[in-house]
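Hi,

Here is the structure I promised to pass on. Have a look at it first, and my notes on what turned up follow below.

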There are 2 protein chains.
Amino acid sequence: MTRPLLLTLGDPCGIGPEIAVRVAASEGGVLLVGDVGVVRRALGHAGLQRPVASIDGPRQVAAVPPGALAVWSPPGLPDGLAELPMGRIDARAGAAAARCIEAAARAVMAGEGAALVTAPLHKEALSAAGIGFTGHTELLQSLAAGPDGGVPPVRMMLANDELKVVLVTIHLSLRQAIERLDFESVLQTLRITHAQVRGRDGGAPRIAVAGLNPHAGEGGLFGDEEVRFIAPAVQAARDEGLDAHGPFAPDTVFMRARHAPPAHRGEFDVVVAMTHDHGLIPVKYLGVEQGVNVTLGLPFVRTSPDHGTAFDIAGRGVADPASLHAAVRAARDRLGL
Amino acid sequence: MTRPLLLTLGDPCGIGPEIAVRVAASEGGVLLVGDVGVVRRALGHAGLQRPVASIDGPRQVAAVPPGALAVWSPPGLPDGLAELPMGRIDARAGAAAARCIEAAARAVMAGEGAALVTAPLHKEALSAAGIGFTGHTELLQSLAAGPDGGVPPVRMMLANDELKVVLVTIHLSLRQAIERLDFESVLQTLRITHAQVRGRDGGAPRIAVAGLNPHAGEGGLFGDEEVRFIAPAVQAARDEGLDAHGPFAPDTVFMRARHAPPAHRGEFDVVVAMTHDHGLIPVKYLGVEQGVNVTLGLPFVRTSPDHGTAFDIAGRGVADPASLHAAVRAARDRLGL
């Protein structure tokens, strides 16, 4: 094993551990980051029998025997994680999940891991643990802060075989999201998208921008954000040479970008959406099994599945690992592996 | 011909007239409502040759010769409509479109027509004509006002073979839509949906409610509308015996309701969405060809296609009439024809 992909288990009480062990058991080159007891419990939930090799860090993966699951339990995890009831919000679970992400991200930034793939967190468990971040994206952005404390601008991209969407705002109330939008946030999203997303032809991406309001404001009749700053940001991006278009009516732009050949060829490679749900509703509509979340703008590759902890089925061994498999594939693809 | 379906041409400068003449030419029992010159021009655009029978009202349809297109040009239309350039916003076009809807709706309410099917309006043309309504729904609601001036509560439903969505708010900026939402508007939408939408089993509909905020507020972390009034409205509806559920995360509830058997059986018959685009993005994602707009709550049946005037292709004869055909079928279905 060369530099492994680091795969965090996510919330120990959700489906993360069981899908993570399934993926690690069938894909080579994956180091699980989490409590070793939680990994053993998850193997039981998944109905898998595999030896577990607990190591002290990514550099030791070469010593893991073939066929064993490599697990790194970073220092500082709470005790008793494997005894927490499944499907419940628990502050210890939230604390453990955040600690694993922190350790794994630092290892990847130190060059010890090739990329970071993360199983789902539960945001209320994070909050119960006093973690001041609402999700992976915000936490990773903070961990990637420079020596001056400045955080890199990052954006969440959700992608499946048909559609790629980059979000200007994510984990905010819809009211706050509208307040947060401005010329700079839209233009910065366009720049990050241009820099980090390839077009289907291998070149620069053809980017569509979805408006905020119904009918993209219908010429100002239903809201002025398009006129005030979305259209100007698209124009500024075009002036910089980006292949950006819009703003278009939100209710049809995703249909127009959907790429399902031969019957339907997408007009665009990626859509920039102003709000979490404008972007995620169409990506998830046909099923979350193949969806992947990619954080654009970090100094390393990070992907995750596009579903949550699914507390209602956690521990029953029925959770579908397809999206997590897709996240591992997407990470390798972005690394050129 | 018994009582005809009244089909308004929509904006004379959009694709409405050409798709309307295609539908009227292939479906019996349809009376076109619009300028007779515009109908003749649309026949040319569509490459159709049909005699046109201009009549003075729906009661005269029995006198229309077989094979002829029946057209009613209500009094009060501007002159020169057939000379307006295609694909342009024009106040005369907006005024004509509104006048035809008014005349057709009054005829249906007077029992002279079986139902109203409407081709697309252009909202900026309406506005240019000084019409104080932002779309069909608001205009029809006003026309259906009682003698005391009270307007009936109506809601827009968009439906295709896979998904039905009813919207709490429609043609408002997103900011205004959030302000307008409250316990009453959500509960009223649930009551209208329950009363007017059948379940797939023929009984009462199983209704899912989509939240407003990301993750339906994630327990209050991202907005409190779910906690303050959406969940209470769902509970109040359940207390009245409605089969209502939620609020659910907007980004996955439409996927869960999608009915595409045998691979995917919808968990719900219909989804209530808080905003125009939360609801319309998924309905339109797979294509607008089969989508139908149904106005729930009017004292008559009214349907329309779920696309707009498509000024970019108007007059070229390439517009797809499938959604308007679907609207005619949906109107007949609701009438039990």
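In chain A, strand S2 (residues 30-33) runs parallel to S4 and is joined to S4 by two bridges. Helices and strands here are DSSP runs numbered from the N terminus (helices are H or I with at least four residues, strands are E with at least two), and two strands count as paired if DSSP finds at least two bridges between them. A:Leu32 has A:Val71 as its bridge partner in S4(A), while A:Val33 stands opposite A:Trp72.

A quick word on the ground rules: this is a predicted model, so local features need pLDDT of at least 70 and side-chain atom pairs count only at pLDDT 80 or more, whereas totals for chains, interfaces and linings use all residues. Residues are numbered from 1 along each chain as its sequence is written, chains are lettered from A and ligands numbered from 1 in the order in which they are written, and side-chain values use heavy atoms, with hydrogens and water left out.

Back to S4(A). Strand S3 (residues 52-55) of chain A also pairs with S4(A) in the parallel sense, over four bridges, and there A:Ala53 stands opposite A:Ala70. Which way do the residues of S4 (residues 69-72) of chain A point? A:Leu69 and A:Val71 go one way, A:Ala70 and A:Trp72 the other, and all are buried (buried is under 20% relative accessible area, exposed over 50%, partly exposed in between, with a 1.4 Å probe and protein chains only).

These strands belong to an open sheet of twelve strands with mixed pairing, in the order S3-S4-S2-S1-S5-S12-S11-S6-S7-S10-S8-S9 (chain A). S3 and strand S9 (244-248) of chain A stand at the edges with a single partner strand each, so one side of each has no neighbour in the sheet. From one strand to the next, the twist averages 25°. Helix H3 (residues 91-109) of chain A lies across strand S1 (5-8), S2, S4 and strand S5 (115-118) of chain A, at about 170° to S1(A). Axes are lines fitted to C-alpha atoms, for helices over the stretch in contact, and angles run from 0 to 180 degrees between N-to-C directions.

One residue of the sheet to look at is A:Asn293, in strand S11 (residues 292-296) of chain A. Is A:Asn293 buried or exposed? A:Asn293 is buried, with a relative accessible area of 8%. Beyond its neighbours within four places in sequence, A:Asn293 has contacts (heavy atoms within 4.5 Å) that include A:Met156, A:Arg302 and A:Pro305.

Now the cores, each a set of buried Ala, Val, Leu, Ile, Met, Phe, Trp, Tyr and Cys residues joined through side-chain atoms within 4.5 Å. The largest nonpolar core has 192 residues, and A:Leu32, A:Leu190, B:Leu32 and B:Leu190 have the most contacts inside it. Another core, of 38 residues, lies apart from it, with A:Phe248, B:Phe268, B:Val271 and B:Tyr285 among them.

As for the whole chain, chain A has eleven helices and twelve strands, and buried residues make up 62% of its 337 residues.

Cheers
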